[in-house]
Amino acid sequence: MTDGQISEKNKKLTMAKPALWRPEAHLSTTVRDMPPSGIRKFFDIVVEMEDVISLGVGEPDFPTPWHIREACIYSLEGGNTSYTSNKGLPELREVLAESVEEDLALDYDPEDEILITTGVSEAVDLAFRATLNSGDEVIVPQPCYVAYVPDVLLAGGVPRPVATRLSEEFKLRPEDFAGEINERTKALVLSYPNNPTGAVMTREDLEEIADLVVENDLLVISDEVYDKLTYDGKHVSFAQLEGMQERTVLLNGLSKSSAMTGWRIGYAFGDPAIIGAMTKVHQYTMLCAPTMAQVAAVEAVRRGEEEVMAMKREYDRRRRLFVSELERLGLPCFEPKGAFYAFPSIQGTGLSSEEFSEELLKEERVAAVPGNAFGESGEGFIRCSYATSKEEILEAIDRIERFLANLEARGRSGKGIKKV
Amino acid sequence: MRDFAKEILEVLEENARATPGEIATLLGRSEEEVSGEIKGLEESGVIRKYMTMINWEKIDDGYVYAIVELKVSLHRDKGYDAIAERIARFSEVQSVRLISGDHDISFTVRGKSMKDVAFFVTEKIATLKGVESTCTHFVLKSYKEHGVILYDRAQPKRLVVTA
C-alpha cells in the first residue's frame, strides 16, 4: 500500500459527513411562516371532485372579446415579439392616460406617471416594495383580496389588518383604523369595489377617511381593478379627492373589466417619484409586461368599452338574481354594489366558514370560498362569485337550499341552526 | 342609464322563455312593470314573435337553403318595397333584404331539395315583373345564425376556485 493510496482512502473517511440536506432550512423565514392562501387550500379539495358548480371563481366567465384577441394574433403574425420599454408600450400608456382622464378626470403623464405591470398583482407588490422600509406598517382593511398581507410581509413591512363590518356595508370607516395608526404607519390599502364583499366607497365615504390619511401623512395604495363593475352610480377613486392624487398610487388592470385575467396586464398611476421607484423594481424583476398582452390591452382600452358595459349589465342581472335567491333562502346578504361577488353570512348555521364551505362542497358539490380566506373578519361569511351563468346560479341555489334544509333537519338532533 | 325597454329586450333576445317575474328579478323592477312594458313592446310591434333558435343541421331536417340575389328594374309605380313585399309573402322565403352593391334585393329561401329551390326561384321569382336577373347561392354549411355560433368546440375550462 503506497502513501498515495492511504491518503486517498483517508480523505474519504475523514471528509466531514454532510449534514442531512434539509431544504426547509434554506427557506426564507418570511416565506416559510407565510400561510398558504386559504383559496389555494380550498382549491386542492375541489380539484379532486367532479360535477362541481363553482361559485368560487374570481374571474369573468366570458372569454376576452374577439377583437382584442384578434389584435394580439395580428400583432404576433407581424412578428411583434420583442421587449417593450420597462415602463410599457408608449401607445398603451398614452391610451391609458386618455382613459383615466375621461373616466376619473385625472391627469397623468404617460412619460413618468404610468407603469404597465404584469397584472395588478405585480403592481401591488411593486407599490409595497418601492415604498416600505423594514418595519414600516401598512393598514389593510379586511376582508380583502388575499395578496395584500403577504405582499407587505415580502416587502419587509408589517401588515395591520383592520376589520370592516357588515353593519357598515363593509365600508372602511375612520374609527376602524384610527387606533391602528402609529409613527411607523406608512400606507393604507384601499380596494373598492371590494373583493370579496362587493362593497364600494362613495365620495363621501372616502372624504371621511381622507382627513386621517392627511393628518398621518399616509400613502394610499388603491387597487381599483373592479372600478368598471360598479352597479349603482359611478365609481369614485380616492385619487379624485382634492389634493389626494399625489398621495395615491392608483392600481388598475384589464383582468376583470375586459375579461382578460390570463393576459396579466395591470397598471399603476401615481407621482413620478413613486412610479419611478416601482419602475426600478419592475425593470430588475419583470423587465416588461408581455408584449403581446400589451398590444391586446391597447385594443381593449381603445375599443373595448361597449363590451365592458355589456358584461357589466349581465353581471348586474346575475347579481340581482343571486341576491334575491339568497334572501329567499334566508341567508343574510349585504347587497353587493360592485365587483362580482356576494358575501352572505352563514353565522346562523352555527358552522364556521370553513366547515360550511367544506360540507357544502362535499354534500352538494357547490364550491364557495370560506370568508376567512380574506382575513379574520371574513369569518362567518362565504364568498360566492356570480360570474357564472344564470342556469348555474339557479342550480347552485337549489343545492344550497337542500344543504340548508339538511342542516336544519340535523339541527333537531343536536347541531344547532338558527336563521338570523 | 339605459332604457328599461332596451334592457328587457336584451334579456328576451337572449332567452325568449324568460318570464316577466324572472326578468323583474334580473332588472330589479316589479313584475307588473315588466309585464306592462312587454305588452307595450308587443303592441307597438317592437317584439314581433318569440322564437327558438334551432340548429336544424343537427337533426338532419333535409332542408336546403339558398341565398338569392336579385337585380330589379324599377317602374314609376313599383319601387323596391313592392317587389320585396311580394317576395316576402312566399312561405319558402325566410328573410328579405334590400341591399347595396351589385344586387338590389337579397333573400333566403328554404326548400326540400336543390331542385325544389331552383324551381321556386325560376318559376316564382324570376318571372316577377321588374326582376331582371337572379343569382342563387346554395348554403353548404352554417357557422353562425342570429348571433349564435353553431359549431361545437371544446370550451377552455376556468379553474374552479381562484382569487
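Reply: Domain bounds here come from an automatic or database domain assignment. The model is predicted, so local features need pLDDT of at least 70 and side-chain atom pairs count only at pLDDT 80 or more, while totals for chains, interfaces and linings use all residues. Residues are numbered from 1 along each chain as its sequence is written, with chains lettered from A and ligands numbered from 1 in the order in which they are written.

Me: Which stretches of chain A make up domain 1 and domain 2?

Reply: The assignment gives 38-58 + 306-409 to domain 1 of chain A, and 81-303 to domain 2. Their C-alpha centres are 26 Å apart.

Me: How do you know that these two domains touch, and how many residues are in contact?

Reply: Contact means C-beta atoms, placed from the backbone, within 7 Å. By that test, 27 residues of domain 1 of chain A are in contact with 27 residues of domain 2 of chain A. On the domain 1 side, the elements giving two or more residues are α3 (38-46), α12 (305-329) and β9 (341-342) of chain A.

Me: What makes A:L287 "exposed"?

Reply: Count the other C-beta atoms, placed from the backbone, within 10 Å of a residue's own: 20 or more is buried, 12 or fewer exposed, in between partly exposed. A:L287 has 12 C-beta neighbours inside 10 Å, so it counts as exposed. You'll find A:L287 in the loop between α10 (272-285) and α11 (291-303) of chain A. Its phi is near 65°, a positive value in a residue other than glycine.

Me: What makes a set of residues a nonpolar core, and which have the most contacts inside the largest one?

Reply: Take buried Ala, Val, Leu, Ile, Met, Phe, Trp, Tyr and Cys residues joined through C-beta atoms within 7 Å. The largest such core has 126 residues, and A:A127 and A:A268 have the most contacts inside it. Not counting residues up to four places away in sequence, A:A127 touches A:I221, A:V249, A:L251, A:A268 and A:M278. Another core lies apart from it, with 14 residues, including B:V68 and B:F120.

Me: Why are β2 and β4 of chain B called edge strands?

Reply: Strands pair if DSSP finds at least two bridges between them. Chain B has an open antiparallel sheet of four strands, in the order β2-β3-β1-β4. β2 (93-98) and β4 (131-138) of chain B each have a single partner strand, so one side of each has no neighbour in the sheet.

Me: How do you know that β2(B) and β3(B) pair, and over how many bridges?

Reply: DSSP gives β2(B) and β3 (residues 105-111) of chain B five bridges, in the antiparallel sense. For instance, B:S95 stands opposite B:T108 in β3(B).

Me: Where is there a cis peptide bond in chain A?

Reply: One joins A:Q142 and A:P143, with omega about 0°. Another runs from A:N195 to A:P196, with omega near 20°. A:P143 is in the loop between β3 (137-142) and α7 (148-154) of chain A, and A:P196 in the one between β5 (185-190) and α9 (203-215) of chain A.
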